[in-house]
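Colleague: Could you take one buried site in this model and look at it closely, then go on to the helix packing and the aromatic rings? Please give the cut-offs as you go.

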Amino acid sequence: MRWKYVFHVIGVLIAAIGLCMLPALGFSVYYNDAGLTPLLMSTVTSLFAGGLLFLVFFPRGEKVAQLNHREGMAITTLGWTAATVVGALPFFFGDIFPNVTDCLFESISGFSTTGASVLTDIEAVPRGILFWRSLTHFLGGMGIIVLSIAILPFLGVGGMQLYKAEVPGPIPDKLKPRIKDTAMVLWKVYILFSIIETILLMFGGMDVFDALCHTFGTMATGGFSTKNASVAAFDSSYIDWVITFFMLVAGINFALHYQMIKGRPMALWKDPECRSFLLLFGIVTLIIIVAVYGVNYDSVNSSARFGAFQVASILTTTGYATADYELWPPITQCLLLFCMFLGGCAGSTGGGMKIMRIMLLLKHCSQELVRVIHPRAVVRVKFGGKVVPAEVMHGVWGFTVLWLGLLFVTSFLVAGTGVDVVTSFASVLACIGNIGPGIGNVGPTENYAGIPGLAKWGLMLCMLLGRLEIYTVIILFVPGFYKK
């Protein structure tokens, strides 16, 4: 492990995050709010700390070599940790929260695109800091590491190990021969859809500030809003449907969007994961529409509007809310809880276990049943007409066991701090799945402010584990990782 290279790259990441605070600083200047000084102090602190790391660990006189997988994982995990600390500075300098724990919680919730907030009065926060809060979603959505290898090639280090460590999903898509070009393609698609959504939201009556912030929360599947009542505050059917559509867009593999833009419009439907994702969304939405019609809403239009929005929000792990689904019939809550486990597609900005993993597990179980009936049969798991390598299946099973194990163990630990059982399980599920709102005391109309401080640290770890797909983080705690 060449720690010099690791901290050298992290220094650049910290400085880059400091530069990303400049747009938020611009909004503070425009609105002349109290966020100007905190954001300025945060920017200066980030640039100084990042520049210092960059210079102190600069590999002078050495030939920069390709990063190995250990260094890639270390940079990814430590880079996200550093981003969390730096991202919390505006909250700390602006006295937005009473303690450091809450500052870090809001920051990691932003970068991990979880959207679990501890803010009790969002609209009282200076707009510049609110913009930064939403911008952390945008940066974390496609990934700080992917961003760095897309626009900072002067580092001279190989990016494939960073890309593999950061991009969510069992099989990262390499669209171009050079990993820098792949990262750039993904970011271009990401930005293109963000621009389109921002314009459409402005047509619906949002100003530039609200449109940008809600676009960041949508395309990153994060869920931070500028309003206490979330998207429901706008009370607009048009806005609800626009955000619903783009939540689904964000929950689909961005490599498929690129293929569609390049002239292959059927790429989405031909992909088995995307097809299953859309069919699942349609079926669950239809069941919920039937369940809430005549009970919670008097018209089919309202049932469809609120039902589709909430299913898209939970399934893609965005976390926006336009209705209190805890008042809906029990079957709808069960379906939404089921969607929390699934998440979006691999290669999307969504969290959760990913549809692809669920499909691979089901296919593998089906093949095992065939083996029981025909012991000598040679059967292999196929996905999209291709045989899935054994190492991929091993990784999927390992991830699933770790994911479920962490879910239950952390739920017990959170319950040990005095949180009720339902809220403990729901909060951990919502954080490790990067969803945000859950059920119980962390439902769609409440937040995480009442969770004990010790439990918040456990939930912060869950957010990081969920965003970086567990392995990248947990491997750093294995002693053998540091041996030659």
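Modeller: Ser-46 is buried, with a relative accessible area of 1%; buried means under 20%, exposed over 50% and partly exposed in between, with a 1.4 Å probe and protein chains only. This is a predicted model, in which local features need pLDDT of at least 70 and side-chain atom pairs count only at pLDDT 80 or more, while totals for chains, interfaces and linings use all residues. Residues are numbered from 1 along each chain as its sequence is written, and side-chain values use heavy atoms, with hydrogens and water left out.

Ser-46 sits in helix 3 (residues 36–56); helices are DSSP runs of H or I with at least four residues, strands are E runs of at least two, and both are numbered from the N terminus. Setting aside neighbours within four places in sequence, Ser-46 touches Ile-14, Ala-15, Gly-18, Met-21, Val-86 and Leu-89, where contact means heavy atoms within 4.5 Å.

Next, the helix packing. Helix 15 (residues 272–292) and helix 17 (residues 330–342) have axes 9 Å apart and pack at an angle of about 160 degrees. The axes are lines fitted to C-alpha atoms over the stretch in contact, and angles run from 0 to 180 degrees between N-to-C directions. Helix 15 is therefore roughly antiparallel to helix 17; angles over 145 degrees count as roughly antiparallel, under 35 as roughly parallel, 65 to 115 as roughly perpendicular and the rest as oblique. Their crossing is left-handed, a term for a near helix turned anticlockwise from the far one by less than a right angle, clockwise being right-handed. From helix 15, Leu-280, Val-284, Ile-287, Ile-288, Ala-291 and Val-292 meet Ile-331, Thr-332, Leu-335, Leu-336, Phe-338, Cys-339 and Leu-342 of helix 17. These residues divide into 12 nonpolar, 1 polar and no charged, with Ala, Val, Leu, Ile, Met, Phe, Trp, Tyr, Cys and Pro counted as nonpolar, Asp, Glu, Lys and Arg as charged, and the others, Gly among them, as polar. Ile-331 is partly exposed at 49% relative accessibility, and its C-alpha atom is 9.9 Å from that of Val-292, 39 residues away along the chain.

Helix 6 (residues 100–111) and helix 21 (residues 453–467) pack at about 20 degrees, with axes 10 Å apart, so helix 6 is roughly parallel to helix 21. This crossing is left-handed. Among the residues in contact are Asp-102 and Phe-105 of helix 6 and Lys-456, Trp-457 and Arg-467 of helix 21. The contact divides into 9 nonpolar, 3 polar and 3 charged residues.

That leaves the rings. The count comes to 24 aromatic pairs, where rings of Phe, Tyr and Trp (its six-membered ring) pair if their centres lie within 6.5 Å, with planes under 30 degrees apart called stacked, over 60 edge-to-face and the rest tilted. Tyr-30 and Tyr-31 form an edge-to-face pair, 5.0 Å centre to centre with 85 degrees between the planes. Tyr-30 is exposed at 65% relative accessibility, and Tyr-31 is partly exposed at 29%. Phe-138 and Phe-216 have ring centres 4.8 Å apart and planes at 40 degrees, so this pair is tilted. Phe-138 belongs to helix 7 (residues 127–142) and Phe-216 to helix 11 (residues 208–219), so the pair ties together parts 78 residues apart in sequence. Phe-138 is buried at 11% relative accessibility, and Phe-216 is buried at 8%. Ring pairs link these four residues into a cluster whose other members include Phe-27, Phe-131, Trp-187 and Phe-254.
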